[in-house]
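These are my notebook entries on a single chain. I list what I looked up and what I found.

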Amino acid sequence: MSLSNSITSLPEIDQIMDQSMQSFLAYKKVSAIERAAFLERIAFEIEALGEELIKTTKEETNLPEARLLGERGRTTMQLRMFASMLLEGSWVEASIDHAIPDKVPAKPDIRKMLVPVGPVVVFGASNFPYAYSTAGGDTASALASGCSVVVKAHPAHLRTSTLIAAAIEKAIDFCKMPKHCFQHVTGTSFEIGKALVQQSNTSAVGFTGSFTGGRALYDYASVRNKPIPVFSEMGSTNPVLLLQDALLQNAETIATQYAGSITLGVGQFCTNPGLIIGIQSVGLNRFKATLSNAINQVAPAKMLHVGILKAYETKLSKVLANAGVTPLTNEIAFDADIASPMIVHVQGIDFLKDENLKEEVFGPYAIIVECTDMDELKAVWNSVSGQLTTSIMGSDKDFEANPELIELATQIAGRVLLNGVPTGVEVCASMVHGGPYPATTDSRFTAVGLNAVKRWVRPVCYQNCPDHLLPEALKETNPFKIKRMIDGNPYQ
Ligand code: NAP
């Protein structure tokens with residue numbers, strides 16, 4: 001394990017993953033109460049890093065202090081949320097079916113619960129240096145589940161990652177957790193990431209970033225002798241439908257709301273609303289005018305790292321190469337080291353013909369697709385691939401006229417929003433931050449909220465196992481009063 005920010009070498013990966021497996025075998029036996037205390041202690045140690053952490057991340061990411069303070073709060077809140085989940089206990093989905101010996105054939109005693117899968121490799125995200133990196137949601141949920149964790153630090157905020165890794169190390173010592181239940185790997189060669197995914201002890205992978213990166217990790221895993229699950233969250237264009245009556249009533253308010261969402265954090269959110277679809281009308285014209293004016297007022301700003309800026313500019317150039325695409329905002333300079341926000345416009349028929357226009361442009365950008373009627377709007381909406389979110393801005397009158405839209409939305413995305421903006425992902429039990437491919441590699445799971453823990457567990461049932469040999473959650477006595485399903489009756 002590397003706690004300096006020196007580069008991990010390829011030969012070290014085998015040793016790190018062997019240590020992770022050894023540690024997993026001990027860590028998975030640590031009681032839920034002790035694991036909860038460990039997560040709480042990590043939150044405490046992160047807070048204890050104080051100003052040094054914020055200052056370091058500011059230097060590395062160009063993110064403003066207010067955003068970093070908020071994100072640090074979200075990160076420690078996530079750790080504490082998983083600690084509470086462990087203390088409550090029902091997340092293990094314990095279920096007991098008692099034996100019925102005189103049934104023909106006799107029914108055996110069968111008891112089921114979720115168990116951790118093994119060492120998890122987490123790739124830190126560039127755009128969430130705290131909440132989706134070293135001690136972020138993937139790490140917190142994996143440690144909560146009883147898995148050991150190896151984090152591959154994102155090179156764009158290596159010093160931040162190293163500070164947080166040191167805080168986790170302190171928590172390991174303080175709580176006397178098995179050594180190596182968390183390890184920190186650094187390096188910028190894709191070979192390191194590939195070796196981590198393909199090492200035989202690795203049991204699952206969590207990733208947030210580009211489609212190319214997420215898909216590559218998925219492919220490395222699928223050609224292993226023993227394939228493993230890879231939960232890649234690869235972003236989205238997050239289509240927004242603007243319905244006609246809503247625009248007629250509120251075009252200016254909606255446009256102002258969306259100007260804020262498109263440019264929030266220099267557009268560097270996977271839920272950024274990058275595709276806006278409406279039907280030609282006076283209301284849509286009012287929306288376009290207000291949105292363009294508002295975006296023209298937003299000052300250009302530095303992005304997270306120069307690679308992301310270059311990718312933004314390259315993708316914009318591809319969009320602008322389509323003769324049907326018209327910029328609605330001021331001309332931007334491509335030779336600057338800061339990103340200017342941009343809104344472009346295209347007719348539905350031209351959008352449908354060009355795959356480049358359907359791709360995510362990661363940054364402060366959105367394309368407005370103007371359709372001739374509701375059929376074309378639905379064709380444009382359906383032409384985009386799986387999404388994290390889709391939003392519908394509509395009045396009661398709009399929804400009465402188009403009752404099928406919400407059902408259609410669930411086919412496209414993991415989160416369906418009505419009359420709101422998709423940026424700002426609440427961390428709670430009901431959140432779904434996931435969606436059909438290519439938004440993620442497994443649409444059955446969420447990367448945010450309590451259910452994120454489900455990515456790192458699998459069900460096991462014990463048949464005719466004597467009570468004293470069962471895990472606590474399945475013992476007849478139920479010492480921790482965990483809610484369980486008994487003989488098919490709801491959890492009680
Ligand atoms: P990235 O390029 O996907 O990299 C993220 C992590 O994955 C890095 O640690 C990187 O390794 C690793 N990685 C990427 N490709 C790999 C491969 N083929 N083999 C092994 N490891 C690989 O993401 P990024 O640096 O954050 O940003 C690049 C682009 O990703 C952005 O321009 C944007 O388009 C997109 N992005 C999307 C989201 C989203 O939520 N939708 C978030 C962030 C970024 P190294 O450390 O070795 O480089």
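Entry 1, salt bridges. I count a salt bridge where a side-chain nitrogen of Lys or Arg lies within 4 Å of a carboxyl oxygen of Asp or Glu. I note at the outset that the model is predicted. I looked up Glu 40 and Arg 80, whose side chains form a salt bridge with an N to O distance of 3.7 Å. Glu 40 belongs to helix α2 (residues 32-48) and Arg 80 to helix α4 (residues 65-88), so this pair ties together parts that are 40 residues apart in sequence. I then took the count by this rule, which comes to 23 salt bridges.

I looked up the secondary structure of the chain and recorded 15 helices and 16 strands. The radius of gyration is 24 Å, close to the 23 Å that the globule rule gives for 492 residues, so the chain is as compact as a globular protein of that length. Along the principal axes, I find that the C-alpha atoms fill a box of roughly 75 × 60 × 40 Å.

I consulted the domain assignment, which gives domain 1 as 10-234 + 442-486 and domain 2 as 240-418. I noted a separation of 35 Å between the C-alpha centres of domain 1 and domain 2.

How much area do domain 1 and domain 2 bury between them? I recorded about 860 Å², of which 59% is on carbon and sulfur atoms. On the side of domain 1, Asn 62, Asn 127 and Glu 233 lose the most area to domain 2, and together they make up 46% of what that side buries. I listed the contacts as well: 12 residues of domain 1 are in contact with 11 residues of domain 2. I then looked for polar pairs across the interface of domain 1 and domain 2 and found 2 residue pairs in polar contact. The residues on the side of domain 1 that touches domain 2 divide into 4 nonpolar, 5 polar and 3 charged. My search for salt bridges between domain 1 and domain 2 returned a count of 0.

Which residues does a cis peptide bond with omega of about -10 degrees join? I found that they are Val 104 and Pro 105. I placed Pro 105 in the loop between β1 (95-97) and β2 (110-116). I also recorded a cis peptide bond from Tyr 437 to Pro 438, with omega near 5 degrees. Pro 438 sits in the loop between β14 (413-418) and β15 (457-463). Lastly, I looked up Val 266, which has a positive phi of about 55 degrees although it is not a glycine. I located Val 266 in the loop between α9 (244-263) and β9 (275-279).

Conventions. Residues are numbered from 1 along each chain as its sequence is written. This is a predicted model: local features need pLDDT of at least 70, side-chain atom pairs count only at pLDDT 80 or more; totals for chains, interfaces and linings use all residues. Side-chain values use heavy atoms; hydrogens and water are left out. Domain bounds come from an automatic or database domain assignment. Contact means heavy atoms within 4.5 Å. Buried area is the accessible area (1.4 Å probe) that two parts lose on being put together, summed over both. A polar contact is a pair of N or O atoms within 3.5 Å; within protein, one must be able to donate a hydrogen and the other to accept it, and residues adjacent in sequence count only if both atoms are side-chain atoms. Ala, Val, Leu, Ile, Met, Phe, Trp, Tyr, Cys and Pro count as nonpolar, Asp, Glu, Lys and Arg as charged, and the others, Gly among them, as polar. Helices (H or I, at least four residues) and strands (E, at least two) are DSSP runs, numbered from the N terminus. The radius of gyration is taken over C-alpha atoms; the globule rule is 2.2 Å times the number of residues to the power 0.38.
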